[in-house]
Amino acid sequence: MSRQGRDVRRGRPALLFSLLLAAAPAAAGDYAAELAARARALGLARERAWLTLGHYTRSGSGWESHASGDKFFLATDGKRDPQAELEADLRGFLRPPEPGPRAHPQCRFPARYAWLKEKLAFDPARLPKQACPAFAAWRDAMDAKGVTLVFANAYLNNPGSMYGHTFLRLPRKDAGGGEDSLNDYTINFAATPDTENGVLYALRGIVGSFPGEYSVMPYYLKIQEYTNLESRDLWEYDLNLTQAQADRLLEHAWEMGSTYFPYYFFDENCSYQLLTLLDAALPDARLGESFWATVIPADTVRAILARPGLVAGARYRPSYVTQMLARRARLSPTERSLATRLGRAKPALGELAALPVERQALVLDSAADYLRYRVGFSSEQSTRTLQGERALLVARGRLGVPSPPLNVDPPPRLEEGHDTARVSAGFGAARSGPFEEIGWRGALHDLTAPDAGYIPYSQLEMMDLRLRVDDRSRKPYIERLALVDIASLVPWDPWVPQISWRASTGVDQAKEYGCAGPSCMYYDGNVGGGIAYSTSFLGRELYYALAEGNFGVGPILDRTWRLGAGASAGVILDPLSFWRVQCEATYIGYGWGPARERLRLANAFRLSRDLELRVTLDRRVPEREAGFALNVYF
């Protein structure tokens, strides 16, 4: 054979390989076009499941995704075009293997790939499944057999948690993953703030200037944060999801790692984004479409509970403080005094000998709880603290008797409380004559309303508007507009000493000037702090007293502004389960102009879960009035 012939034969394999490389993209492109044509014929880009995976919602006559990260889309206009994104994903799934944990589209979007594979029945020879070791390792670490929704009650000292918080817990399949397993993983959505200023946090959260991101962490870290550090009770709601649905949710949660969402305090917040994540597993439930304006965590729980068969059961997980106080409640006054001294690391162990062994155990258990609460949950403790804790544990161990089970009575469940929005209509009579009134409140709860399902003796009102028409002028005017009105009246406890406080700002009537109507309106700000004390002389009551500061601006005021200080004192009674009474007296003096002297008596009668009758007597020197209102919560 000639040298030329040998060269030709040597070149054939290289030529054949080159031809195969050239044909492969063409073949992939043909298959992508074939799949795209079938997807268009089936209308897959308009199906609810696909729109959910892309977080698309209607925007005018088109669509727009709430996701903001560029890596969440393969199509240039994928954020606004579900069809273009679907076809770009199909082309992406046909790419050859790529390095990196999220580089290949199949590995970046496992939920999209799985759904499209179900709908289009991919030919494995033409669209091979790519190995995704990073996703597989992450999914195996989650080891999820189901999904549990967790609600953490409100934490009024943090603007980001004033309404409560929801997150998902993923019970594990392994033998150790029972309902009490703290090694389960959780999926959480939260803002990623760059400030610790509470006011700035709230303002920027309202306008959506923080990015919101999903995160995964062990459940025991959430327990440490909520139940130990912030003393927040948790409610766990097990969801009736199949294994396939739980797997789809997990796949979509992985996809969320490639993007972020603008965080809006009132609507596109933690709870809303968790609903859209659940929609990936349950697209027909349309949980994310349950709300058209504000999204409050408690309402999202109610929306899930309203879906027949979706919730399998509920569990109450009391906070550390709740458990500590429940253990203390089993002690006599003498035993409680002894536990207090032991919990403060004072030498009192010798006094235990006078008690039966079982009572000694109760005292030591309670003292150990108190000591741990006092010093906190940090591993960095003083030598005296460590020695005191060790002495308690050693004494407890020597008793040789088990601790009796602690059964904490759960409070009323969240769904037993009234809904968060409210409309009202009423009438009354003032010194100037009869009047009619209508009102609307965006959220959430006030002190006069029965607190079933809410933190006892707490108030969080936003956008509380009352419009009044008096029979003399027949013109409507703003009687009150509370932009924010927050109160936390915490009964004083020597083991858990907390200051009661409240703050409010909005538009009010300066009735101490003897006027009412549009000309009497001014802008008001108030802040106060003090102490509250609870008793059970009349069934259940709370007495409170607050020192207050007040600031106002408006043309009705002398010098158009004023600054004053004073105090408020009151009592909240619950004579019957459906009847609450609040009586409050206030005096605030100013450097100029008349003082604010007010005595208010309000009665709330709960007619049903979301229907309430209010009867109010209000004396605001020199004005006085009586009113009736029917409140409807929704």
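This is a predicted model: local features need pLDDT of at least 70, side-chain atom pairs count only at pLDDT 80 or more; totals for chains, interfaces and linings use all residues.
Trainee: Let's start with the open sheet. How many strands form it, and in what order?

Mentor: Seven strands, running S8-S6-S5-S4-S3-S7-S9, with antiparallel pairing.

Trainee: OK, and which are the edge strands?

Mentor: Strand S8, residues 261-263, and strand S9, residues 311-317. Each of those pairs on one side only.

Trainee: How much are neighbouring strands turned against each other?

Mentor: By 30° on average, if you ignore direction.

Trainee: Which residue in S9 stands opposite glutamate 236?

Mentor: That's arginine 315.

Trainee: Switching to helices. Which residues of H12 are buried?

Mentor: H12 spans residues 320-328, and its buried residues are Tyr320, Val321, Met324, Ala326 and Arg328.

Trainee: And what covers the buried residues of H12?

Mentor: Three other helices are included in the cover: H8 at 219-229, H13 at 333-343 and H14 at 357-375.

Trainee: New topic, the backbone. Which residues does the cis peptide bond with omega of about 10° join?

Mentor: Alanine 443 and leucine 444.

Trainee: Where is leucine 444 found?

Mentor: In strand S11, which takes in residues 433-445.

Trainee: What about the peptide bond from valine 621 to proline 622, cis or trans?

Mentor: Cis, with omega near 5°. Proline 622 lies in a loop, the one between strand S20 (611-620) and strand S21 (623-633).

Trainee: Where is arginine 559 found?

Mentor: In the loop between strand S16, residues 541-553, and strand S17, residues 561-576.

Trainee: Does arginine 559 count as buried or exposed, and why?

Mentor: Exposed, because its relative accessibility is 58% and the cut-off for exposed is over 50%.

Methods:
Residues are numbered from 1 along each chain as its sequence is written. Side-chain values use heavy atoms; hydrogens and water are left out. Two strands pair if DSSP finds at least two bridges between them. Helices (H or I, at least four residues) and strands (E, at least two) are DSSP runs, numbered from the N terminus. Axes are lines fitted to C-alpha atoms, for helices over the stretch in contact, and angles run from 0 to 180 degrees between N-to-C directions. Buried means under 20% relative accessible area, exposed over 50%, partly exposed in between (1.4 Å probe, protein chains only). Contact means heavy atoms within 4.5 Å.
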